[in-house]
Every structure is written in structure tokens, then in C-alpha cells.
Amino acid sequence: MRIFDPHIHMTSRTTDDYTAMHDAGVRALVEPSFWLGQPRTSPATFLDYFDSLLGWEPFRAAQHGIAHHCALALNPKEANDPRCTPVLAELPRYLHKDRVVAVGEIGYDAMTPAEDHALAAQLQLAADHGLPALVHTPHRDKAAGVARTLDVLRESDLPPQRVVLDHLNETTVAAATDNGVWLGFSVYPDTKMDEARMVAVLREYGSAIMDRVLVNSAADWGRSDPLKTRGTGLAMLAAGFCEDDVDRVLWRNPVAFYAQSGRLELEPDKPTTDLYQGNSLLRGGS
Ligand SMILES: [Zn+2]
């Protein structure tokens, strides 16, 4: 089973996770920038974070045979903090870089006017830079959040086929399907979507969504599991889906979506014993 995780926060994960992911079949991923769990106090800390998503983290992933890409943005939560919003003016120069395959994650958290502004501005940045956008839907009040997000998308210059609407569930899949966007599902250990619910959605909607579904683990610093992609593939097989369906959902769909950036590099960099800015991942020499 070959797996492309289209949404995972490796900065928050360990080397053991990289090893387990490779063993499970993960060969490529996209790491969107997000909230770090603690408020940032200046745009400069975003830039350091973006640089690590473009440098250190791909280096780390390459040691495990995994191709690393990223999506960059001002996240919805910090769009409300005036100390952070100046990063919007810094984003354009980052969106030109190799391995930046989308703008994201953007969207709504509490659905404030500041979030309206950041979402519209960043959809425009995606349109201007020829990039797809990874749009998160809020965990609270999800149906209203999806409806409002779809309204903003319709008013934007970004075509729906360049948008993945993420964290969908049974209540929001129909609205997303009707609007022509890609459908993102985050599979979690014990809340929200799980493997069985994911398989039930695939069964219910079948060919209407099969070539537009992206399944991710969204693994981060919270309770989450970077192997939920494989778990979903196994659950699909157990439910009677064929291997070609699993390959489509776990590999070909995310490849097709992010290939719209023109920047996918599916061969990981060669593992190296060279140093990254003076640092090695190795312990004890060699
Ligand atoms: Zn995320």
C-alpha cells in the first residue's frame, strides 16, 4: 500500500513516527503550517517556522525515505491576533519556493471578521500564485462553517478544483460535493471521523466522490495517530473495496490534487549523513 498523507504536522512528531510511517507505506506527505499550541507574538516567528518546513523537516523526512512538501499560511486562529497578521505581507515571497505546494491551512476558527479578511486574502494569494488551497473547516458549528466557507470560495478567484475542504464529516460531505471542491477527511483515534465512519461515507457516496477524496491523519501535538491513513486503507479492504480504490484514495488523489502546484517531487531526497546547518540526526557519531 503506497500512501501520501496530504495533511500531517511532522514538526510535532518523533523520529519513531517517521520510521513507522515508512514501514506502513507512507512515501510522501504535505505538512501545512498551523497553530503551534501557544500564541506567537510576532511575524518573525512565522518566518522561522516556514523556514523549518522548507529546510529542516524535509531533511528529517528524507532520512526516512519520505518526500516532504508543505503548505504555508497564516492559520485561522492567529488571524485574530494583530501581532501576527503582518505575516500576510511576507507570504508572497515564500509562496514562490519549491516544495510549497499549497496555501494552507486557512479557513475559519471562530468565524470572526478578521478571519473573513485572512481567508479571502489568502485565497487570492493562492489564485495569484497558481497554487491549490487547503481549507480547514471549524470543529465547532461545522455545518455553518462549511456553508460560510463555500460562500467565500464562490466569491474568490480560485476555482473549486484547486480547493480541498478539510475535516469534513457525514454532515458536510454533500455540501462540499455539490460545490466541486476536493473532500478532505481527517481520521482521528477516538473523536470525529474514524476508519469505520470513513468507510461508511465512501460506501454511501461511492463513485460520486471516489476520485475527489483525500484521507489524512492530521497528526499533530494532540492525541492523533500518523498511521490512520493506513488504517483507513485496511478498513476499506476489509469492507470489500479493491486495492485500486485504496490506491486512488491514499495515493493518486492527493498526487493529482497537489500536482496542480507544478511542484510535487515524489522521489524523496537521498538520505544523507551530511549535516543540516551543522546538525545531524545521528547520535554517537558515524
Ligand atoms: Zn492541521
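Which handedness does the β-α-β unit made by β5, helix α6 and β6 have? The legends below take up this point and its surroundings in a predicted model.

**View 1. Strand β5, helix α6 and strand β6 as a β-α-β unit.** The unit made by β5, helix α6 (residues 142-155) and β6 is right-handed. Strand β5, which spans residues 133-136, pairs with β6 in the parallel sense, and four bridges join the two strands. Within this pairing, H136 is placed opposite D166 of β6.

**View 2. Strand β6 beside strand β7.** The pairing of β6 with β7 (residues 182-186) is likewise in the parallel sense, and here it runs over two bridges. L165 stands opposite L183, a residue of β7. Between β6 and β7 the chain passes through helix α7, residues 173-178, in a β-α-β crossover that is right-handed.

**View 3. Helix α10 and its bend at V249.** Helix α10, comprising 17 residues (243-259), extends 22 Å from its first C-alpha to its last, which is close to the 24 Å expected at 1.5 Å a residue. The helix bends by about 40° at V249, and V249 itself is among the buried residues of α10.

Methods: Residues are numbered from 1 along each chain as its sequence is written. This is a predicted model: local features need pLDDT of at least 70, side-chain atom pairs count only at pLDDT 80 or more; totals for chains, interfaces and linings use all residues. Two strands pair if DSSP finds at least two bridges between them. A crossover is right-handed if, with the strands pointing away from the viewer, the path from the first strand over the helix to the second runs clockwise. The expected span of a helix is 1.5 Å times one less than its number of residues. The bend at a residue is the angle between axes fitted to the seven residues ending there and the seven starting there. A residue is buried if 20 or more other C-beta atoms lie within 10 Å of its own, exposed if 12 or fewer, and partly exposed in between; C-beta atoms are placed from the backbone.
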